[in-house]
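Please open the model in a viewer and keep the selection panel at hand.

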Amino acid sequence: MIISPSILAANFGCLDKDVEMLNRSEADWVHIDVMDGVFVPNISFGFPVMKAIAAKSKKPLDVHLMIVQPERYIQECKDCGASIVNVHQEACIHLDRTIHQIAEAGMFPAVTLCPATPVEMLRNVITEVHMVLLMSVNPGFGGQKFIPNTLDKVRRLRELIDSQGSKALIEIDGGVNLETGQQLAEAGADVLVAGSAVFQAPDPEAYIRQLKEMKK
Ligand code: DX5
Ligand code: ZN
């Protein structure tokens with residue numbers, strides 16, 4: 001399992017310490033939640049913080065843009081050290097164009113779906129994306145409860161990916177812990193994002209290791 005701990009749940013008073021913990025850990029990526037207070041009802045942090053994390057992180061940045069008109073900020077993501085850029089299908093009028101814009105900027109394009117958006121919305125772009133991120137909570141806040149019908153959605157997405165000959169990875173974000181993580185692994189997820197479960201664990205590095213060892 002690929003593990004992408006969400007820095008949103010870190011201690012912003014001493015981010016360096018948490019980034020160093022992730023460097024030591026078996027985490028594969030660092031998940032970076034950018035919120036604009038318009039697409040979602042919360043504001044997290046922006047590009048200067050992303051750049052500071054990139055400067056310390058030994059792991060690739062998996063950036064999740066919860067913002068309107070994400071196409072305006074693709075080059076900024078590249079300049080701030082992003083490796084993967086997730087844009088919301090619901091925020092992109094010209095989704096196909098935005099996906100190619102990300103790839104042309106030298107990053108891996110990924111598309112995110114809110115809980116209410118069916119996987120069918122991605123049929124025409126599924127071979128163009130490196131990854132699909134399914135939200136298992138309504139985006140905007142850490143620490144929310146996992147929405148159980150995500151498990152069915154993972155299975156439907158897997159069918160869509162296979163039927164179209166796509167190589168897209170399936171990433172899940174929201175309410176992921178050891179229990180929901182195991183269910184998601186069995187349903188066919190490839191990547192788990194986990195925020196509060198990791199950073200509130202007594203031993204975050206051990207928690208990441210346990211998530212990492214999860215088998216399908
Ligand atoms: C929510 C964010 C998530 C968040 C997950 O909108 O996209 O990445 O950090 O937090 P947990 O794991 O606490 O649900
Ligand atoms: Zn996220």
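**The ligand and its surroundings**

Begin by selecting ligand 1 together with Ser196: an N or O atom in the side chain of Ser196 is 2.3 Å from an oxygen atom of the ligand. This is a polar contact, a term used for a pair of N or O atoms within 3.5 Å; within protein, one must be able to donate a hydrogen and the other to accept it, and residues adjacent in sequence count only if both atoms are side-chain atoms. The protein covers 99% of the 380 Å² of accessible area that ligand 1 has on its own, areas being computed by the Shrake-Rupley method with a 1.4 Å probe, and for residues only the protein chains shown count as cover.

The model is predicted: local features need pLDDT of at least 70, side-chain atom pairs count only at pLDDT 80 or more, and totals for chains, interfaces and linings use all residues. Residues are numbered from 1 along each chain as its sequence is written, chains are lettered from A and ligands numbered from 1 in the order in which they are written, and side-chain values use heavy atoms, with hydrogens and water left out.

Then show the backbone of Gly195, where an N or O atom lies 2.8 Å from a ligand oxygen.

Now display the shell around ligand 1. It holds 20 residues, of which Ser6, Asp33, Gly140, Asp173 and Ser196 come nearest; a residue is near if one of its heavy atoms lies within 4 Å of the molecule. By class, eight are nonpolar, ten polar and two charged. Which element gives the largest share of this shell? Strand β2 does, with three residues. Helices (H or I, at least four residues) and strands (E, at least two) are DSSP runs, numbered from the N terminus.

**Away from the ligand**

Select Val30, which is placed in strand β2. Val30 counts as buried because its relative accessibility is 2%; buried means under 20% relative accessible area, exposed over 50%, and partly exposed in between (1.4 Å probe, protein chains only). From its C-alpha atom to that of Pro70, 40 residues apart along the chain, the separation is 20 Å.

Move to Asp190, in the loop between α6 (178–187) and β8. A polar atom of the Asp190 side chain lies 2.8 Å from the backbone nitrogen of Ile170. Asp190 is buried, at 14% relative accessibility.

Finish at Asn23 in helix α1 (residues 15–24), which is buried with a relative accessible area of 17%. Asn23 and Glu205 are 182 residues apart in sequence, and their C-alpha atoms are 9.8 Å apart in space.

Definitions and conventions: Ala, Val, Leu, Ile, Met, Phe, Trp, Tyr, Cys and Pro count as nonpolar, Asp, Glu, Lys and Arg as charged, and the others, Gly among them, as polar.
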